[in-house]
Amino acid sequence: MPLLDLQKLTVGLSRTWAGFLRDWDRSLRAGNYPETTRYNYLLAAAQLGRYLGEQSPDPDAGDAAEDPCAVTRAHVEAFQGWMIETRSASTAVNKHKGLQQFFKWLLLDEEAIDRSPMQRVRQPKTPRKLIPVMRDEDTSKLLDACKGKGFANLRDEALIRVYCNTGARLSEVGNLLVDDVDLNTESVRFHGKGAKDRRVRFGPKTARALSRYLRARDKHKGAALPNLWLAERGAAALTPNGIKILLKRLGTAAGVADVHAHRWRHSFAHEWKRAGGDTGDLMLLLGWTSEDMPRHYGASAAAERAQETQARLGIGERV
């Protein structure tokens, strides 16, 4: 089942709201936006529309509940406040970004409004959470939980090793195709954010795990599918969301708490900095364009790196 069901997404909205969202989705598809991005954008706009019709205390919200062109700055700010109270500040930030794109489209592409209601709406402030790195001993426990010669065992080991060895995003690994893997050069082509492809090398252990998995995959019912990762039963692909659930299940079995793909991404950045690797090279490998990202990833282990550097320099110990 596809992630984005536009009819389901627009339930409860006026015909005008639903029509605008349908047209916006067509524009996003024409711009080659990934389905996940389209879903998040459309969901933010649909939630605003439903809020105005069902939750808003503003007695003048009726017009905006019928037509997004009538939405004001006050409506958006009230919606963001409601999102913070009922969900979280980080969720409100995601809605803010989606609504920015929606009203930008209404303003510039459709010319349906003269001014975006987002123009002076502040993005909610969120505390930056320090995501702990995945320690080698925890990765080893997860790999131990995968031991076996069955299809799922071989697939799960290959998955974990690709995440650990490349630091790639959940969706980048989850959406890999068989043709993206090159065992001759021991490299993989990731399709990153913003339609940016990059090729990343992997090590001998990952190559061996992938080779074993691919041999088992050749005998699977879904072998003809282009997707690299297959569900254990039936001719179906294993989706990124399925991988997310799988990793949590493996974490429970291995006794490792809070297992998710992004922890390996933070670990990769931490180990790279620990080894004195170049920041520019790190950005290329992990598909980053902003220099803020290297500072954020691995930040939870920054103190550990600083202490190691202090011990190595031996400042004050030479007198």
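**Close-up views of a predicted model**

View 1. R169 lies in the loop between α8 (151–166) and α9 (170–174); helices (H or I, at least four residues) and strands (E, at least two) are DSSP runs, numbered from the N terminus. This is a predicted model, in which local features need pLDDT of at least 70 and side-chain atom pairs count only at pLDDT 80 or more, while totals for chains, interfaces and linings use all residues. Residues are numbered from 1 along each chain as its sequence is written, and side-chain values use heavy atoms, with hydrogens and water left out. R169 counts as buried because its relative accessibility is 10% (buried means under 20% relative accessible area, exposed over 50%, partly exposed in between, with a 1.4 Å probe and protein chains only). The side chains of R169 and E172 are joined by a polar contact of 2.4 Å, a term for a pair of N or O atoms within 3.5 Å; within protein, one must be able to donate a hydrogen and the other to accept it, and residues adjacent in sequence count only if both atoms are side-chain atoms. Not counting residues up to four places away in sequence, R169 touches Y163, G192, K193, R198, R265, L286, G287 and W288, where contact means heavy atoms within 4.5 Å.

**View 2. The nonpolar cores.** The largest nonpolar core has 38 residues, and L142, V173 and W229 have the most contacts inside it. Such a core is a set of buried Ala, Val, Leu, Ile, Met, Phe, Trp, Tyr and Cys residues joined through side-chain atoms within 4.5 Å. At least two residues of this core come from each of α7, α8, β2 (187–191), α10 (204–217), α11 and α12. The largest share, seven residues, is supplied by α8. Leaving aside neighbours within four places in sequence, V173 is in contact with L159, V162, Y163, A168, F190 and W229. A second, separate core of 34 residues includes W17, I113, M118 and V121.

**View 3. The three-stranded sheet.** Three strands form an open sheet in the order β1-β2-β3, with antiparallel pairing; two strands pair if DSSP finds at least two bridges between them. β1 (181–182) and β3 (197–201) stand at the edges, each with a single partner strand, so one side of each has no neighbour in the sheet. Two bridges join β1 to β2, and V181 has V188 in β2 as its bridge partner.

**View 4. Two loop residues with positive phi.** Most residues other than glycine have a negative phi. E111, which is not a glycine, has a positive phi of about 50°. E111 is found in the loop between α6 (89–109) and α7 (136–145) and is exposed, with a relative accessible area of 64%. D258 also has a positive phi, near 55°, and is found in the loop between α11 (240–254) and α12 (261–274).
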